[in-house]
Amino acid sequence: MNSRIKEHPILGKIEKGRRVTFSHDGNIIEGFEGEPISAALKAAGVMVHRHTQKYGAPRGIFCAIGRCTDCVMVVDGKPNIRTCITPLAEGMIVETQYGVSAKSTNKAEGMA
Amino acid sequence: MHNVNNRSRDIGEFVPAEDDELLICRCEEITKGEIRRAIHDGMFTLTEIRRYLRTGMGLCQGQTCGKLVKEIAARELGLVLSELGNASSRVPMRPIEMKVFGNEKEPGENA
Amino acid sequence: MKRYDLIVVGAGPAGLSAAVEAAKYGLKVVVFDENANPGGQLFKQVHKFFGSKEHKAKIRGFRIGSQLLEEANNLGVEVVLNATVAGLFQDKEITVRIKDSIQHYKGDAILVATGAAENMVPFKGWTLPGVIGAGAAQTMMNLHGVVPGQKILMLGSGNVGLVVSYQLLQAGCEVVALVDAAPKIGGYGVHAAKLARTGVPFYLSHTIIKAEGTDCVTGVTIAEVDKTWKTIPGTAKSLAVDTICLAVGLSPMAQLLKMAGCIMEDNPKKGGQVPVCNAYGETSLRGVFVAGDVSGVEEASSAMIEGRIAGIAAAEYLGYIDKAVLTEVAEALESALSSLRQGMFAVENRGKNIEKTDEGYVVSQHLLKKGYFQDAEVEKYPGVTRQPGVHAVIECSQNIPCNPCQDACPRHCIKIGDKITSLPVVDETANCSGCGMCVAACSGQAIFLVNEGYEAGYASITIPYEFLPLPGEGDRGWALDRGGSKVCAAEVVKVQTAPVFDHTSLLTIKVPVAMAMKARFFKEDNCHA
């Protein structure tokens with residue numbers, strides 16, 4: 001399954017920045033610099049961005065324009081980052097958000 | 001309009017419905033049943049429901065559920081949408097960290 | 001605190017048009033937009049716009065966006081992006097979040113053009129990843145070049161649902177179903193028809209029961225509803241989809257105006273709560289203007305005209321021009337605006353069941369339910385004629401504000417007249433050259449060239465084609481009818497692309513002459529290719 005449109009009948013080739021790598025829950029993924037983090041994740045087949053605080057339900061892209069905040073993740077250690085409007089940069093560390101933190105942080109809190 | 005603020009009016013008993021489990025406020029994870037129950041607990045305006053349940057007070061600030069909560073409340077209260085009115089609009093329109101909103105400076109930073 | 005003559009909130013079609021107009025009269029204008037890209041939704045619109053030639057009809061939305069932005073830049077309008085207006089206060093002061101700080105600005109006039117937000121509809125499983133707004137689909141595919149999924153269900157048959165479905169097809173997705181709880185299609189029949197002929201099935205009077213899946217959408221259950229919107233037992237149907245797209249209307253984002261103290265009204269015909277304003281877009285607060293969807297949900301074409309009117313009104317309010325100038329300029333724009341607001345899709349007709357066109361032609365119920373005409377129905381319309389030799393067949397049956405076809409024909413075969421919503425009439429006395437300009441110009445892709453005398457026993461049909469890969473001359477495949485069913489074998493005999501067609505290719509196929517008034521789409525036969 002490839003989610004990237006190679007050539008569009010109206011828009012032609014869609015211009016992208018340079019190819020960069022970033023990590024998603026420890027896996028190294030490729031994307032294009034400057035595109036929304038969510039676009040790179042989508043292209044890599046990632047659907048679940050976070051699990052909710054109360055019910056632990058999976059959430060992903062919903063509005064794609066930064067309004068609904070469903071696609072928030074932990075980016076470079078910072079939670080609640082709207083991945084649909086945050087540009088991707090080389091070496092970013094993107095983690096699935098559980099409630100308001102990354103999974104590893106949750107464990108640490110549990111032990112403290 | 002007089003009807004809206006009449007606290008003593010009878011809106012009947014809370015009747016459980018099949019779709020009460022339906023999630024309405026995605027951010028704060030509030031269900032349709034919780035919203036309907038809040039109305040029977042006496043929350044007759046959108047502002048009250050918001051304070052009571054936190055519907056529309058999560059990260060998205062009611063962008064998604066605002067209209068849905070309004071429709072549920074209007075139906076439960078037997079009002080048309082325009083009678084119910086909207087919840088108040090306040091600054092900031094979008095969620096902003098307090099640090100930014102208050103233009104807080106790091107120690108040593110020039111004011 | 002920085003000061004401007006006019007502060008515009010929102011760099012969409014209305015906001016930019018207002019800024020451009022105000023700047024022309026010498027106002028110092030700044031435009032704030034919370035998004036990283038200007039243009040509002042324009043840059044996601046890859047289709048050709050409806051309307052009149054004078055007001056950017058047949059130009060694709062994203063090009064209109066570029067034009068507006070260039071005009072604004074040339075006139076010295078400051079456009080500040082990633083700038084979220086957080087509050088609108090008394091005395092026309094605003095607070096704006098720019099990067100990690102809050103900035104204060106004061107405008108002598110303010111124009112709010114914040115547009116609208118998508119409505120959503122809850123159902124079981126609607127929070128699963130894979131359930132998205134139609135706007136999200138557009139943003140992902142047309143701005144970021146990533147499709148939202150492979151197999152899509154679209155909920156909502158208004159113009160947004162229809163247009164985005166078509167864009168999904170263009171991006172290479174499969175639209176498995178177009179579903180609407182209403183008993184008839186809400187958007188333009190021509191938009192529905194261009195989906196139906198590719199084979200997209202329409203499920204009117206249907207609703208989503210639930211989205212299936214644990215981590216993300218893997219399927220959907222739909223069922224038929226009765227007149228009271230209750231599901232009819234035994235009608236549930238499961239479809240394998242990975243994406244559910246919601247296109248169930250828009251609501252004005254008018255919170256800033258409410259906060260500022262404008263008198264508001266709750267008006268279902270305008271999409272919800274909107275500020276009360278006069279013909280120039282001025283609210284109950286002197287010097288605070290509105291334009292576009294924030295003052296009532298409509299099309300981008302009308303938003304641009306409203307923006308221009310409000311921009312000129314702001315210039316008059318600040319004393320840059322006389323009242324007489326405003327009256328004169330606004331009058332012309334208002335008449336253009338009111339012409340766009342005519343026809344069966346006019347605001348006052350929302351929710352009405354219109355059975356006949358202004359001219360007295362019966363509106364096809366089959367079109368409203370299934371997305372296409374029955375064969376016998378189509379020949380009644382004034383754009384459809386049977387003639388020897390090549391001629392245009394215009395399958396346009398609704399009074400919508402659009403007239404580019406009339407000007408497209410160099411031989412004046414097509415007549416709409418002064419009333420922009422009139423159905424196009426094909427003049428049988430004029431002599432069609434078969435140039436295809438009308439086929440490419442029709443924003444609704446409702447014009448075909450038919451030649452029943454192409455060669456002995458065969459007719460040629462020229463269809464507008466906006467998909468990839470583009471078939472080549474000599475390719476064989478199937479001709480599909482208006483409902484997307486295969487009707488006969490077909491051969492591509494001509495493929496035309498030209499800059500003037502603006503990415504609408506003209507595909508001419510050869511079919512048996514009996515299929516001349518049936519075949520309306522071409523599907524390559526991959527098995528024999």
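Ser302(C) belongs to helix 7 of chain C, which covers residues 300-317. The structure is a predicted model. Ser302(C) counts as buried because its relative accessible area is 4%, under the 20% limit. Apart from neighbours within four places in sequence, Ser302(C) is in contact with Leu337(C) and Leu340(C).

**Interface of chain A and chain C**

- On this interface, 27 residues of chain A are in contact with 40 residues of chain C.
- The two chains bury about 2,700 Å² between them, and 65% of that area is on carbon and sulfur atoms.
- Within chain A, the residues that lose the most area to chain C are Pro9(A), Ile10(A) and Phe62(A), which together account for 26% of what that side buries.
- The size of an interface is often expressed as the accessible area lost when the parts come together.
- Chain A and chain C share 1 salt bridge. Glu34(C) and Arg67(A) form a salt bridge in which the closest N and O atoms are 3.1 Å apart.
- There are also 6 residue pairs in polar contact between chain A and chain C, with both residues at pLDDT 80 or more.
- Helix 1 (37-43) and strand 4 of chain A each contribute at least two residues to the side of chain A that touches chain C. Helix 1 of chain A gives the largest share of that side, 3 residues.
- Sorted by class, the side of chain A that touches chain C contains 17 nonpolar, 4 polar and 6 charged residues.

**Interface of chain C and chain B**

- Here the contact involves 28 residues from chain C and 26 residues from chain B.
- Chain C and chain B bury about 2,200 Å² between them, with 58% of it on carbon and sulfur atoms.
- Ile102(C), Trp126(C) and Asp266(C) provide 24% of the area that chain C buries against chain B, more than any other three residues.
- The count of salt bridges between chain C and chain B is 3. Arg97(C) forms a salt bridge with Glu97(B), and their closest N and O atoms are 3.0 Å apart.
- Strand 4 (83-89), strand 5 (93-98), strand 6 (101-112) and helix 6 (255-260) of chain C are the elements that give two or more residues to the side of chain C that touches chain B. Strand 4 of chain C gives the most, with 5 residues.
- Sorted by class, the side of chain C that touches chain B holds 12 nonpolar, 10 polar and 6 charged residues.

**Nonpolar cores**

- In soluble globular proteins, nonpolar side chains tend to be buried together.
- The largest nonpolar core has 47 residues, of which Leu168(C), Leu195(C), Phe202(C), Ile463(C), Ile509(C) and Val511(C) touch the most other members.
- Apart from neighbours within four places in sequence, Leu195(C) is in contact with Leu162(C), Ser165(C), Tyr166(C), Leu169(C), Leu178(C), Val200(C) and Phe202(C).
- A second, separate core has 46 residues, among them Cys63(A), Ile30(B), Val69(B) and Val176(C).

**Cis peptide bonds**

- Val91(B) and Pro92(B) are joined by a cis peptide bond, with omega about -10 degrees. Pro92(B) is located in the loop of chain B between helix 4 (81-84) and helix 5 (98-101).
- Leu468(C) is linked to Pro469(C) by a cis peptide bond, with omega near -5 degrees. Pro469(C) is located in the loop of chain C between strand 24 (458-465) and strand 25 (476-480).

**Positive phi values in chain A**

- Asp25(A), a residue other than glycine, has a positive phi near 45 degrees. Asp25(A) is found in the loop between strand 1 (19-24) and strand 2 (27-32) of chain A. Asp25(A) is classed as partly exposed because its relative accessible area is 41%, which lies between the limits of 20% and 50%.
- Ala64(A), a residue other than glycine, has a positive phi near 65 degrees. Ala64(A) is found in the loop between strand 4 (58-59) and strand 5 (72-75) of chain A. Ala64(A) is classed as buried because its relative accessible area is 7%, under the limit of 20%.

Definitions and conventions:
Residues numbered from 1 in each chain as written. Chains lettered and ligands numbered in written order. Predicted model: local features only at pLDDT ≥ 70, side-chain atom pairs only at ≥ 80, totals over all residues. Heavy atoms only, no water. Helix = DSSP H or I, 4+ residues; strand = E, 2+ residues; numbered from the N terminus. Buried < 20%, exposed > 50% of the residue type's maximum accessible area, 1.4 Å probe, protein only. Contact = heavy atoms within 4.5 Å. Buried area = accessible area lost by both parts, 1.4 Å probe. Salt bridge = Lys/Arg side-chain N within 4 Å of Asp/Glu carboxyl O. Polar contact = N/O pair within 3.5 Å; in protein donor to acceptor, adjacent residues only side chain to side chain. Nonpolar A, V, L, I, M, F, W, Y, C, P; charged D, E, K, R; others polar. Core = buried A, V, L, I, M, F, W, Y, C linked by side-chain atoms within 4.5 Å.
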